[in-house]
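Let's take a friendly walk through this protein chain, strand by strand and residue by residue. Keep the viewer open as you read.

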Amino acid sequence: PWSVSEEFSGGGYLQEPTFSLVATPEEAVVCAPESAVYTVGVGSVQGFSDPVDLAVSGQPAGTTASFSVDPVTPSGSSTLTISNTGAATPGDTVLSVSGTSTTGTQTRSVRLSISDGKPAAPTPLTPADGATDQSTRPALTWTEVMGSYSVEIATDPGFANIVDNAAGLTVAGHTQLAALDAYTVHYWRVWAENGCGVGLQSPTWSFTTGEQTVFVIGLDGRA
C-alpha cells in the first residue's frame, strides 16, 4: 500500500520511497490456443530501488502463467504470459497481479476472455417479430452468447437506411438514446464478436412504432 511519512514540507506530506504497479491491458481477449499477454510496469517512487517480486493468481485451470522478468528492479517492466489457453474452459476470468517488496504488497486486477470459436448467432427476443404499436424507444433484447454485441435498426429489410446502431455492448439488450420515427416499420438484427472473430448475424425481425413516446425527465436527470 501507499504510505506517507510524518514529515511535512513545502505545503504537503512527503511520500516515503516505494514502488508503483501497473498492469495493461485491462482486458485480454484471445482465441484458444492463443496466449494472453500483459505488460506489468514497476515504477520507482522517491528513488526506491529494492527488487519487486511478481505473482499472479486466478488464471483458468489448465493454463500456465509466466513472467519474462521476476523480480523486477524499479523502474522496469515484465511481460506476463498466460499460455496453454486451449486447455481452459472458455469464459471470462479476473486475474490478480501482485508485486511484493520491502514496503509491502500491491495488487492490480486484469481480465481475461478466452473463446474457442466464433460466437453463435443471437436470437432476437423482444419486441416480438412483427409487433405493432411499439415505443419509439423500444428495449431490444436477445439471447446471450459469448462476446460483445453489435445491433442495427433500419427502415428497410436490406439495411440500406440504418437509423440506429450500437457496438461493443456487453449485455444482451439495447435501448435507443434518440427516438425512432413514429408509425414506422423498423427492422433490426444483432451479432456478436469475440477473440475468434465475428459471429453470424441473427435473423432479421421487425416491429412497427406507435405514437411518439414522451419521456418526463426527473430532478435526477433520468427519464
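Which residue is the bridge partner of tyrosine 149 in β17? The partner is alanine 192, and that pair is a handy place to start. Please keep in mind throughout that this is a predicted model.

## The chain as a whole

If you look for helices, you will find zero of them; the protein chain has 19 strands instead. The chain has 223 residues, and 38% of them count as buried. Its accessible surface comes to about 11600 Å², with 51% of that belonging to carbon and sulfur atoms.

Taking the contacts in the chain with a separation of 6 or more, 61% are between residues 24 or more positions apart.

Strand β14 covers residues 148-154, and six of its seven residues are buried, so the strand is largely enclosed by the rest of the structure.

Now for the pairing. β14 and β17 (residues 185-194) run antiparallel to each other and share seven bridges, with tyrosine 149 and alanine 192 forming one of the bridge pairs. β14 also pairs in the antiparallel sense with β15 (residues 162-169), this time over five bridges. An example to look up there is glutamate 152, whose bridge partner in β15 is asparagine 165.

## The largest pocket

The largest pocket holds about 330 Å³ of space. By type, the lining divides into seven nonpolar, five polar and four charged residues.

Apart from neighbours within four places in sequence, serine 113 is in contact with Glu27, Ala28, Val29, Val30, Gly91, Asp92 and Met146.

Where is arginine 189 placed? It belongs to strand β17. Leaving out residues up to four places away in sequence, arginine 189 touches Ser150, Val151, Glu152, Phe159, Gln201, Ser202, Pro203 and Thr204. Proline 124 is 65 residues away from arginine 189 along the chain, yet their C-alpha atoms are separated by 7.6 Å.

Proline 60 gives us a loop example, lying between β6 (53-57) and β7 (64-67). Is proline 60 buried or exposed? It is buried, with a relative accessible area of 11%. Beyond its neighbours within four places in sequence, proline 60 is in contact with Ala88, Thr93, Leu95, Leu112 and Ile114. One of these, threonine 93, is 33 residues from proline 60 in sequence, and the C-alpha to C-alpha distance between the two is 7.1 Å.

## Backbone details to check

Some backbone angles here are worth checking by eye, because most residues other than glycine have a negative phi and most peptide bonds are trans. A cis peptide bond joins threonine 24 to proline 25, with omega about 0°; proline 25 is found in the loop between β3 (18-24) and β4. Another cis bond links alanine 32 and proline 33, where omega is about 10°. Proline 33 has its place in the loop between β4 and β5 (36-45).

For positive phi, turn to asparagine 84, with a value near 60°. Asparagine 84 is in the loop between β8 (76-83) and β9 (91-101), and is partly exposed with a relative accessible area of 41%. Tyrosine 183 also has a positive phi, near 50°. You will find tyrosine 183 in the loop between β16 (173-175) and β17, where it is exposed, with a relative accessible area of 63%.

Definitions and conventions. Residues numbered from 1 in each chain as written. Predicted model: local features only at pLDDT ≥ 70, side-chain atom pairs only at ≥ 80, totals over all residues. Heavy atoms only, no water. Helix = DSSP H or I, 4+ residues; strand = E, 2+ residues; numbered from the N terminus. Buried < 20%, exposed > 50% of the residue type's maximum accessible area, 1.4 Å probe, protein only. Contact = heavy atoms within 4.5 Å. Areas by Shrake-Rupley, 256 points an atom, 1.4 Å probe, with all protein chains shown as cover. Pairing = 2+ DSSP bridges. 1 Å grid on protein atoms, 1.4 Å probe; cavity = no way out; pocket = protein on both sides within 12 Å on 5 of 7 lines; lining within 4 Å. Points joined across faces, edges and corners; volume = space filled by probe spheres on them. Nonpolar A, V, L, I, M, F, W, Y, C, P; charged D, E, K, R; others polar.
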